Amino acid sequence: AQNKCEIDNAHITFTARADNKQYMEGHHAIPMHHQNEFTHSLDVYANIICLCPNCHKFLHYGTNGERKRVLSNIYDMRKDRLMTSGIDVSRDDFIDLAGK
């Protein structure tokens, strides 16, 4: 994602001293605690999104209505990659799993 927030690439954070790039955090869209519900690994690039710290916290602690809209957009961006990685999930199931 070129060190840009995948929810909003205009979000700016601080420069990380480790690599001198904008600091971002990785987030499993479908959390790893759902692994037993899938035959293919959830710990794959298709299921990990690049987020600014604010958006990362939003996905964990934001209100359900706001998160549902954002998770729907993430699904649209990632559904083909997820399918290619063997993670076959509908939009509704994705939103449900990602929101837990």
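As a predicted model, it has local features taken at pLDDT of at least 70 and side-chain atom pairs only at pLDDT 80 or more, while totals for chains, interfaces and linings use all residues. Residues are numbered from 1 along each chain as its sequence is written, and side-chain values use heavy atoms, with hydrogens and water left out.

**Helix 2**

Let's start with the helix itself; helices (H or I, at least four residues) and strands (E, at least two) are DSSP runs, numbered from the N terminus. Helix 2 has 21 residues and spans 28 Å from its first C-alpha to its last, close to the 30 Å expected (1.5 Å times one less than the number of residues). A kink of about 55° is centred on arginine 78; the bend at a residue is the angle between axes fitted to the seven residues ending there and the seven starting there. Arginine 78 also lies over the face of tyrosine 45, at 5.4 Å from the ring centre; the criterion is NZ of Lys or CZ of Arg within 6 Å of the ring centre and within 35 degrees of the ring normal. Just after helix 2, glycine 86 takes a positive phi of about 85°.

**The core**

Beyond its neighbours within four places in sequence, leucine 59 is in contact (heavy atoms within 4.5 Å) with residues including Ile49, Leu71 and Ile74.

Buried means under 20% relative accessible area, exposed over 50%, and partly exposed in between (1.4 Å probe, protein chains only). The buried residues of helix 3 are Phe94, Ile95, Leu97 and Ala98, and they pack against helix 2.

**Aromatic pairs**

The whole structure has two aromatic pairs. Rings of Phe, Tyr and Trp (its six-membered ring) pair if their centres lie within 6.5 Å; planes under 30 degrees apart count as stacked, over 60 as edge-to-face and the rest as tilted.

| Pair | Centre distance | Plane angle | Class |
|---|---|---|---|
| Phenylalanine 14 and tyrosine 23 | 4.9 Å | 10° | stacked |
| Tyrosine 75 and phenylalanine 94 | 5.4 Å | 50° | tilted |

Tyrosine 75 counts as buried at 10% relative accessibility, as does phenylalanine 94 at 0%, whereas tyrosine 23 is partly exposed at 28%.
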